[in-house]
Amino acid sequence: MPYFRACLLSLPLFVLAVPLASQQREEVKPEAATEGDDTAVEFFTGAEFQEIELSDGRKVEKFSIPVAAQVTAGRLRVTAQLPYMRVKAPGDVVVPSGPLGLPILVDPAGPAEVSTREGIGDLRVDAAYQLPISGLNASISSGVKLPTASTEKGLGTGETDYRVGADLSKTVGTVTPFAGVSYTKVGDPAEYDLEDTLAGHAGAAVRLGRSASAHVGYSYEENASGLVDDQQRVFGGVNTALGSGLSLGVYGSAGVNGPADIGAGISLGVRLD
């Protein structure tokens, strides 16, 4: 049976890099400093690779190019992401594309032979609101995964998922501990018996000079399928400003229970103030 979720539920590699890169560029500010109508637009792209070993010994390789846009207006931040994916996997394995996507699933009607397929993944839209709490970065968020990926190619399930969550961080000197929780209402296709999931993560970011920072953390997520183990992962990365609104991130993750799985990626951001 497959073990691993295709991407971190609340912390997929690329999506994790987007909010962390934004968060680490700003110190925690007093409430008054966050008021106003300042608006910023950022665009992100990159590349990431994942290799997953299923518990039956079969392997899945996934290469994706995510493209994201993020708009920040005062306390509100909205992010949309759509990836292009290339997957090499057994034909009966479904490989969703993102944090609101479902775990890797086995389609009993699909062929067992290894095949390569590619196409766009599921569109994800997330919104987060920073709460007016002095001295803390506290936010609530919600998101939706829209089924734009092909079910015939095994890139998605054809169902919509919904998520709500909360995140908290506080800067102490050069270190910013962070933690978050989320709940996902999983769309339930007829072919699978799936349940809603809870997830959580915790870690810390460290400022490295004026323009760079690093982060490391741990995440845990219930699996939507009772036939697959819950996911535990460690992750980390480095983000740096390149000047003129450009930013660069390098990140990776690894599973800490069950069969081996690893992931790594790079992201490039452009900020328009």
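Gly-91 is found in the loop between strands S3 and S4 (93–94). Strands (E, at least two residues) and helices (H or I, at least four) are DSSP runs, numbered from the N terminus. This is a predicted model: local features need pLDDT of at least 70, side-chain atom pairs count only at pLDDT 80 or more, and totals for chains, interfaces and linings use all residues. Residues are numbered from 1 along each chain as its sequence is written, and side-chain values use heavy atoms, with hydrogens and water left out.

**Around Gly-91**

- Gly-91 counts as partly exposed, because its relative accessibility is 23%. The cut-offs are these: buried is under 20% relative accessible area, exposed is over 50%, and partly exposed is in between (1.4 Å probe, protein chains only).
- Gly-110 is 19 residues away along the chain, yet the two C-alpha atoms are separated by 5.8 Å.
- Leaving aside neighbours within four places in sequence, Gly-91 is in contact with Gly-110, Pro-111, Ala-112, Glu-113, Ser-115 and Arg-117. Contact means heavy atoms within 4.5 Å.

**The whole protein**

- The protein has two helices and 15 strands.
- It has 273 residues, and 44% of them count as buried.
- Take the contacts with a separation of 6 or more: 59% of them come from residues 24 or more positions apart.
- The accessible surface comes to about 12100 Å², and carbon and sulfur atoms hold 61% of it. Such areas come from the Shrake-Rupley method with a 1.4 Å probe; for residues, only the protein chains shown count as cover.

**Confidence**

- The average pLDDT is 81, and 79% of the residues score at least 70. pLDDT is the predictor's confidence in each residue, from 0 to 100.
- Residues 1–19 stay under 50, and the model has 95 contacts for them beyond four places in sequence.
- Residues 23–34 are also below 50 in pLDDT; this stretch has 26 contacts in the model beyond near neighbours in sequence.

**Strand pairing**

- Strand S1 (residues 39–53) runs antiparallel to strand S15 (residues 261–272), and twelve bridges join them. Two strands pair if DSSP finds at least two bridges between them.
- Phe-44 stands opposite Gly-269 in S15.
- S15 also pairs with strand S14 (residues 246–255), in the antiparallel sense, over nine bridges.
- Gly-252 stands opposite Ala-264 in S15.

**Nonpolar cores**

- The largest nonpolar core has ten residues: Ile-52, Leu-54, Val-60, Met-85, Val-87, Ala-89, Val-93, Val-95, Ala-149 and Leu-155. Strand S3 (residues 76–90) gives the largest share of this core, three residues.
- Another core, of five residues, lies apart from it; among its members are Val-94, Val-186, Tyr-192 and Leu-194.
- A nonpolar core is a set of buried Ala, Val, Leu, Ile, Met, Phe, Trp, Tyr and Cys residues joined through side-chain atoms within 4.5 Å.
- In soluble globular proteins, nonpolar side chains tend to be buried together.

**Salt bridges**

- The count comes to six salt bridges. Each is a side-chain nitrogen of Lys or Arg within 4 Å of a carboxyl oxygen of Asp or Glu.
- Lys-145 and Asp-122 meet in one of them (3.7 Å, N to O). Lys-145 sits in strand S8 (residues 137–146), and Asp-122 in the loop between strand S6 (114–120) and strand S7 (123–130), 23 residues apart.
- Lys-145 counts as buried, at 2% relative accessibility. Asp-122 is buried too, at 1%.
- Asp-161 forms a salt bridge with Lys-145, with the closest N and O atoms 3.6 Å apart. Asp-161 is in strand S9 and Lys-145 in strand S8, 16 residues apart. Shared partners join Asp-122, Lys-145 and Asp-161 into one network.
- Asp-126 and Arg-163 meet in a salt bridge (2.8 Å, N to O). Asp-126 lies in strand S7 and Arg-163 in strand S9 (residues 161–169), so the pair ties together parts 37 residues apart in sequence.
- Asp-126 is buried, at 18% relative accessibility, and so is Arg-163, at 12%.

**Two loop residues**

- Asn-223 is placed in the loop between strand S12 (212–221) and strand S13 (231–243). Asn-223 is buried, because its relative accessible area is 8%.
- Asn-223 and Glu-195 are 28 residues apart in sequence and 8.0 Å apart in space, C-alpha to C-alpha.
- Ser-244 is found in the loop between S13 and S14. Ser-244 counts as exposed, because its relative accessibility is 78%.
- The phi of Ser-244 is near 55°, a positive value in a residue other than glycine. Most residues other than glycine have a negative phi.
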